[in-house]
Amino acid sequence: MTIQEKQHRGELYDPGDEEIMSEQLVFLDSLKEYNDIPHVRIKEREAKLREMLAEVGEGCYVESPFHANFGGRHVHFGRNIYANFNLTLVDDTHIYVGDNTMIGPNVTIATAGHPIDPELRRRGLQYNMPVRIGKNCWLCAGVIVLPGVTVGDNTVIGAGSVVTRDIPANVVAVGNPCRVLRPVGEHDREFYFRDRKIDPKLWK
């Protein structure tokens, strides 16, 4: 099994391997170039994002600064994804984000982990597990998503939550560790924030 196969199959491997590092550094340089493009040069930013990421649908935008271990090389974005400032993607393996998902400021999505055993950690070993975020989700400010997690479609993850396990579709989930608070339902078609009602004309 090659070092790259280990990297993407959840096996323990050395992330400091020369072959991996030589690729990673090029991707990180490309990420720096993206972050250095002025915001007013929107078309140039869009083109660079397409060059960097594994997949990018139409209408995606990532604010700078944007951080990613592999410069987004293992990131798959659907359509109409918006990510606010300081998105951090530990994309040592694949991260999938579905259409129309919103990502708040200071969100971290991590695929990489290290053994609990101190001897293995001393040797610098690592494993990676892919992360999947569904369609039409909202990851609020400061959310952390850990390796191997799947978040279902239409789900909202509350600000500051640490998502350690899979979260189903169509729910609001909050906390550390993140747990389902309630389903998305009729209440959410009437109110958009506390006691503030949605104008019925918006549904027409």
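This is a predicted model: local features need pLDDT of at least 70, side-chain atom pairs count only at pLDDT 80 or more; totals for chains, interfaces and linings use all residues.
Visitor: What is the phi of Arg194?

Guide: Here is the general idea. Most residues other than glycine have a negative phi. In this structure, Arg194 has a positive phi, near 50 degrees.

Visitor: And is Arg194 buried or exposed?

Guide: Exposed means over 50% relative accessible area. Arg194 has 68%, so this residue counts as exposed.

Visitor: Where is Asn80, and what is its phi?

Guide: Asn80 sits in the loop between β4 (75–77) and β5 (82–83). Its phi is positive too, near 55 degrees, in a residue other than glycine. As for accessibility, Asn80 is partly exposed because its relative value is 36%.

Visitor: Let's turn to peptide bonds. Which residue is joined to Pro65 by a cis peptide bond?

Guide: Again, the general idea comes before the case. Most peptide bonds are trans. The bond joining Ser64 and Pro65, however, is cis, with omega about 0 degrees. You can find Pro65 in the loop between β2 (61–62) and β3 (66–68).

Visitor: What is the omega of the peptide bond from Asn176 to Pro177?

Guide: That omega is near 0 degrees, and the bond from Asn176 to Pro177 is cis. To locate Pro177, look in the loop between β18 (171–174) and β19 (179–183).

Note on methods:
Residues are numbered from 1 along each chain as its sequence is written. Side-chain values use heavy atoms; hydrogens and water are left out. Helices (H or I, at least four residues) and strands (E, at least two) are DSSP runs, numbered from the N terminus. Buried means under 20% relative accessible area, exposed over 50%, partly exposed in between (1.4 Å probe, protein chains only).
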